[in-house]
Amino acid sequence: MNNIYQKKVRECYYCKSKDLIEHSKATYWNYADLNYEECANCGLIFANPMLSLETIIFGNKALNIVHTSRGTLNQYKGGKQFSFWLNKIKNYGTILDVGCAEGFFLKGIADHSDWSVEGIDIIQSAVDFANNILGIKVYFTTLEDFKTEKKYDLIRINNVIEHCLNPILFLKKSYTLLNNNGFVWCSTPNGIQDGAVLKNANKRGIKLNLLENHLFLYKPKTLKEIFRSIGFTVIKSYCEGIKHSLKDFGLIPFSKIDNNNSKFFLSDYIYKENIIFSITDKELNEIYNSSDLKNYKLKLDIFLKKLFPIKMFWGISVGHQQFILAQKK
Ligand SMILES: [Zn+2]
């Protein structure tokens with residue numbers, strides 16, 4: 001590999017401030033050092049220098065080898081659950097899932113609503129699977145390079161903007177692809193909590209080895225500001241998953257830091273064959289007919305989440321994952 005990094009940037013991707021301060025240090029697959037900086041003005045946290053696309057692709061390929069399960073049933077189930085909400089917005093609409101992988105989430109929507117579903121992904125084998133096996137229209141492209149005349153009623157960006165190379169351009173493109181009154185549903189790790197994990201480890205002399213290329217970390221407030229600056233109206237914003245919070249923030253001083261990834265070295269995976277996802281017809285039918293998909297189970301699940309509100313909607317940004325629903329008005 002030649003270029004591990006891209007050129008170091010001197011100003012914030014979002015607010016253009018040159019006041020970048022040291023945030024934390026980690027490694028990417030024990031291969032490249034990750035140096036996170038934080039914009040003192042807007043709070044955006046990002047790796048600087050940024051990894052090159054080549055490095056990221058090698059890491060993604062290695063991650064694909066390490067991962068043994070794709071959570072196909074959960075994705076399909078999530079799609080069905082999502083369709084309950086979609087059906088409340090509109091009986092019919094068009095959705096684009098950015099980074100849709102093999103397309104099981106979209107398939108879950110397509111099978112349980114009248115919404116028309118499409119996706120994009122940068123893994124060719126996943127795109128082929130979605131088109132050929134699931135019959136879901138998925139394009140092989142990045143969002144930035146996606147060329148279409150179509151407009152969508154909803155764009156889903158699930159755990160993608162922490163990986164992209166320029167989130168501002170990414171979200172601007174999403175905006176242009178939406179119909180008026182269309183929505184973006186976006187989910188990404190909470191940068192406050194994830195950032196605290198990195199800092200907490202550094203304080204104890206540990207550099208965490210990251211396998212996923214989380215190159216941008218967003219504090220909920222910063223993410224909302226970015227959405228608004230592009231022209232979106234933020235309808236909803238909350239965080240979920242407060243498990244591990246005290247530990248992540250270093251408030252349990254002697255808790256063990258999970259450094260489970262330290263044994264992974266990119267060099268061990270570079271020459272290994274990639275694993276292409278496949279599934280038998282029998283397995284596929286088991287997913288479609290799973291008893292986990294019963295309406296009452298899915299609705300109970302939604303109800304329980306509401307009953308035990310781990311959502312920090314009053315503005316305290318605790319919780320591993322953040323969600324934002326924004327509208328083009
Ligand atoms: Zn900034």
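A residue is called buried here if 20 or more other C-beta atoms lie within 10 Å of its own, with the C-beta atoms placed from the backbone. By that rule, 37% of the 329 residues of the chain count as buried. The structure is a predicted model, and its chain holds ten helices and twelve strands.

**Overall dimensions and contacts**

- Because a compact globule of 329 residues would have a radius of gyration near 20 Å, the chain, which has 20 Å, agrees with that expectation.

**The five-stranded sheet**

- An open sheet is formed by five strands, which follow one another in the order β9-β1-β2-β3-β10, and the pairing within this sheet is mixed.
- Strands β9 (208-210) and β10 (216-217) stand at the edges, and each has a single partner strand, so one side of each is left without a neighbour in the sheet.
- Strand β3, which covers residues 45-47, is joined to β10 by two bridges, and these two strands run antiparallel.
- Within this pairing of strands, Ile45 has Leu217 in β10 as its bridge partner.

**The helix across the sheet**

- Helix α6, made up of residues 191-203, lies across β1 (20-28), β2 (32-39), β3, β9 and β10.
- The direction of helix α6 relative to β1 is given by an angle of about 75°.

Key. Residues are numbered from 1 along each chain as its sequence is written. This is a predicted model: local features need pLDDT of at least 70, side-chain atom pairs count only at pLDDT 80 or more; totals for chains, interfaces and linings use all residues. Two strands pair if DSSP finds at least two bridges between them. Helices (H or I, at least four residues) and strands (E, at least two) are DSSP runs, numbered from the N terminus. Two residues are in contact if their C-beta atoms, placed from the backbone, lie within 7 Å. Axes are lines fitted to C-alpha atoms, for helices over the stretch in contact, and angles run from 0 to 180 degrees between N-to-C directions. The radius of gyration is taken over C-alpha atoms; the globule rule is 2.2 Å times the number of residues to the power 0.38. A residue is buried if 20 or more other C-beta atoms lie within 10 Å of its own, exposed if 12 or fewer, and partly exposed in between; C-beta atoms are placed from the backbone.
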